[in-house]
Amino acid sequence: MMMMMITPGLTRVCAAIALVMCACGACEAGCADRPAPRCCPGRNNECVERSARRSVCYCDTYCLRSGDCCDDYQTACHISAIDCEVRQWGPWSPCSSVCGAGTTERSRQVATPPRNGGTPCPDLKQRRGCLAHTETCSAAKEVAKILPDSFKRNFKDPWRRPHMLMKEEKKSYCVQMRVKQASAACKVKLWSAGLVRERSVCVECQSDAMTTDNRCRGDGMQNIRTFWSAASAPGCSGSWVRESFTEDCRCPSYSMIFV
């Protein structure tokens, strides 16, 4: 049995045949005589009528392209048609990335929706690429160097002479980091073997490791993945995410320190 594929063009022809079959005088003429909605947006093969010459005609906006509009289409549809109107574009959103390539968007609202076959609304959203270069970006690129806390806690310099000035001691702070990735080389050392994926570790920033801005390099960023490297375990490195920051703090024993 042969199957017949029904195309939009065939549907339009079938609608035309259905109108030709109606009795003379029984069919109303033109778009103005159609029941609401008189005019249809886009292509709508059901939006059909008979012209004054009793021929098939259409009242959809597609008829302007196909050339089969009813005689009164311009007056019946375009006079009553309401085109879409939109408001001004809003501001561009912040870049989706805090460091490197990302995207930014802006949008606008519909002031007047289209009616009666009026011009459809244009795009309401725009998106474009962006490249983030901020202070946050610089901090995100820092790689923390870490050691076990046994390297520095309560360290006394035996070579310091009495007349040498003591360096001003600044208060330590702690960051709680959740490990997201650790290389296989971390398993070699006992202290670095504890740096495994999804383990939360406390890392202390002590006075000697602080830079001029009173922070340790690579101390992480909230909810942003940054990177670390174990100073005494060659090849041991990975990434982590900062979960919390505590001022004037000391990490518990067997934790990490920034170098």
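Visitor: How many disulfides does the count come to in this structure?

Guide: A disulfide is a pair of cysteine sulfur atoms within 2.5 Å, and by this rule the count here comes to 10 disulfides. Please keep in mind that this is a predicted model, in which local features need a pLDDT of at least 70 and side-chain atom pairs count only at pLDDT 80 or more, while totals for chains, interfaces and linings use all residues. Residues are numbered from 1 along each chain as its sequence is written, and side-chain values use heavy atoms, with hydrogens and water left out.

Visitor: Which parts does the disulfide of Cys186 and Cys236 tie together?

Guide: The sulfur atoms of Cys186 and Cys236 are 2.0 Å apart, and with 100° about the S-S bond their link is right-handed. Cys186 sits in the loop between E8 and E9, whereas Cys236 sits in the loop between E10 and strand E11 (237–246), so the pair ties together parts that are 50 residues apart in sequence. These element names follow a rule: helices (H or I, at least four residues) and strands (E, at least two) are DSSP runs, numbered from the N terminus.

Visitor: Are Cys186 and Cys236 buried or exposed?

Guide: Buried means under 20% relative accessible area, exposed over 50%, and partly exposed in between, with a 1.4 Å probe and protein chains only; by that scale, both Cys186 and Cys236 are buried.

Visitor: Where do Cys202 and Cys251 lie, and which handedness does their link have?

Guide: Cys202 is joined to Cys251 by a disulfide with an S to S distance of 1.9 Å, and with -75° about the S-S bond this link is left-handed. Cys202 lies in strand E9 and Cys251 in the loop between E11 and E12, so this pair ties together parts that are 49 residues apart in sequence. Cys202 and Cys251 are buried. Strand E9 also holds Cys205, and the partner Cys216 is in the loop between E9 and E10, so here the joined parts are 11 residues apart in sequence. The sulfur atoms of Cys205 and Cys216 are 1.9 Å apart, and the angle of 90° about the S-S bond makes the link right-handed.

Visitor: Which residues have the most contacts inside the largest nonpolar core?

Guide: A nonpolar core is a set of buried Ala, Val, Leu, Ile, Met, Phe, Trp, Tyr and Cys residues joined through side-chain atoms within 4.5 Å. The largest one has 22 residues, and those with the most contacts inside it are Ile146, Leu195, Val203, Trp228, Trp240 and Phe258. Two or more residues come from each of strand E7 (143–148), strand E8 (173–182), strand E9 (200–205), strand E10 (225–230) and strand E12 (256–258), and E8 gives the most, with 4 residues. A second, separate core of 13 residues includes Cys39, Cys47, Cys63 and Cys70.

Visitor: How many aromatic pairs does a search of the whole structure find?

Guide: Rings of Phe, Tyr and Trp (its six-membered ring) pair if their centres lie within 6.5 Å, and planes under 30 degrees apart count as stacked, over 60 as edge-to-face and the rest as tilted. The search finds 2 such pairs. For Tyr173 and Phe245 the ring centres are 4.9 Å apart and the planes stand at 40°, so the pair is tilted; Tyr173 in strand E8 and Phe245 in strand E11 are 72 residues apart, and the pair links distant parts of the chain. Tyr173 counts as buried at 6% relative accessibility, whereas Phe245, at 36%, is partly exposed. The rings of Trp228 and Trp240 have their centres 5.9 Å apart and their planes at 40°, so this pair is tilted too. Trp228 and Trp240 are both buried.

Visitor: Where is Asp149 found, and which residues does Asp149 touch?

Guide: Asp149 is found in the loop between E7 and E8 and is buried, with a relative accessible area of 7%. Contact means heavy atoms within 4.5 Å, and, not counting residues up to four places away in sequence, Asp149 touches Pro252, Ser253, Tyr254, Ser255, Met256 and Ile257. A polar atom of the Asp149 side chain lies 3.0 Å from the backbone nitrogen of Tyr254.

Visitor: What is the mean pLDDT of the protein chain?

Guide: The pLDDT is the predictor's confidence in each residue, from 0 to 100; its mean for the protein chain is 80, and 78% of the residues reach 70 or more. Over residues 17–28 the pLDDT is below 50, and beyond near neighbours in sequence this stretch has 15 contacts in the model.

Definitions and conventions. Polar contact = N/O pair within 3.5 Å; in protein donor to acceptor, adjacent residues only side chain to side chain.
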